[in-house]
Amino acid sequence: MPKQVSIRELITNLTQLPLVDARSEGEFAQGHIPGALSLPLFDNAERAEIGTLYKKQSRQAAILHGLGIAGPKMQYLAEAALARAHSGKIAVHCWRGGMRSASLAWLFERVGLEVYTIIGGYKSYRRLCLELFAAPQTLMVIGGKTGTQKTRILKELATSGENAIDLEGLANHRGSAFGYATDLWQPTQEQFENDIGMALLRSQNGKKIYIEDESRLVGRLCVPDPLWKQMRSAPVAVLEWSLESRVDYLVREYQAAPERLAQNLEAIKKRLGNERHKAACDALAANDRAEVCRIVLDYYDRAYDHGLAKRKPSTLRYISGEKA
């Protein structure tokens, strides 16, 4: 019989266990447990057919149709699981821990695997994420104006063994016009939340969690409200760099083609205003990228100062970022 485990136990104690998601590819794309392998028992169309039969005919008719679909796939599914389960162990889940995961668990056991199923399925992971967002977290926010290398510092903290959550990395989006791309792919809101939840779960070790100062929106994605409210009241290490140091860094860091930079400027034209937008475009045409940075930073610096002024002064600690 498969061993039933909670999602928290799977992630914290069974970290090396491969995880198979039995849901359809559409469900997986909408949101999945980070690190899971999509191995659908039924694809999108097949799932729709079974659902229609269940509603219009009967549960029995739906099950029989499902068996007819799954039968020819059994060898492929078993071989895929064997290839994934290098230690002879594997975990499997579906939406609520129902028939799809039970069917795959039965199959995987038949070919000699030790199988674990998640109590409550994917739905239990979503509940866990919501609990983590609302639970009190010991946060240290890394703040500073655009170009103060906050992301680099977060990565260095993570490398040194500290808890660090890179929201921009999880959202696949840079928070400013520098590095912005109109065609940049972002995950779904659900997946963004799933990835944040995983990062929080892996940070429940008693140490503080470093996280970058962000607005509520990161691109088109929204930081979960309970977590964002905690970020707004948490202590902030505000990194300070000189304007020219930030300009030098941004010019070195972002080597996009002029056409891309022009798109970036167009994307923030309303925020810059016509006068600053024209000045930035003129500087770009003259290949003066440093001046483009200075003009754009004038807007972003004012915006950041406005946001920082809304925080309690007692939560702010100013640090020279150039020595960080």
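**Figure 1. Burial and surface of the predicted protein model.** Of the 324 residues in the protein, 46% are buried (under 20% relative accessible area; over 50% is exposed and in between is partly exposed, with a 1.4 Å probe and protein chains only). The accessible surface amounts to about 16700 Å², and carbon and sulfur atoms hold 53% of that surface (Shrake-Rupley method, 1.4 Å probe). This is a predicted model, in which local features need pLDDT of at least 70, side-chain atom pairs count only at pLDDT 80 or more, and totals for chains, interfaces and linings use all residues. Residues are numbered from 1 along each chain as its sequence is written, and side-chain values use heavy atoms, without hydrogens and water.

**Figure 2. Packing of helices α13 and α15.** The axes of α13 (residues 258–267) and α15 (residues 274–285) come within 10 Å and cross at roughly 175° (lines fitted to C-alpha atoms over the stretch in contact; angles run from 0 to 180 degrees between N-to-C directions). The two helices, α13 and α15, are therefore roughly antiparallel (over 145 degrees; under 35 is roughly parallel, 65 to 115 roughly perpendicular, the rest oblique). On α13 the contact involves P258, L261, A262, L265 and E266, and on α15 H277, A280, C281 and L284 (contact: heavy atoms within 4.5 Å). Helices are DSSP runs of H or I with at least four residues, strands are E runs of at least two, and both are numbered from the N terminus.

Figure 3. P72 sits in the loop between α4 (59–70) and α5 (74–84). P72 counts as exposed because its relative accessibility is 70%. From K3, P72 is 69 residues away in sequence and 26 Å away in space, C-alpha to C-alpha.
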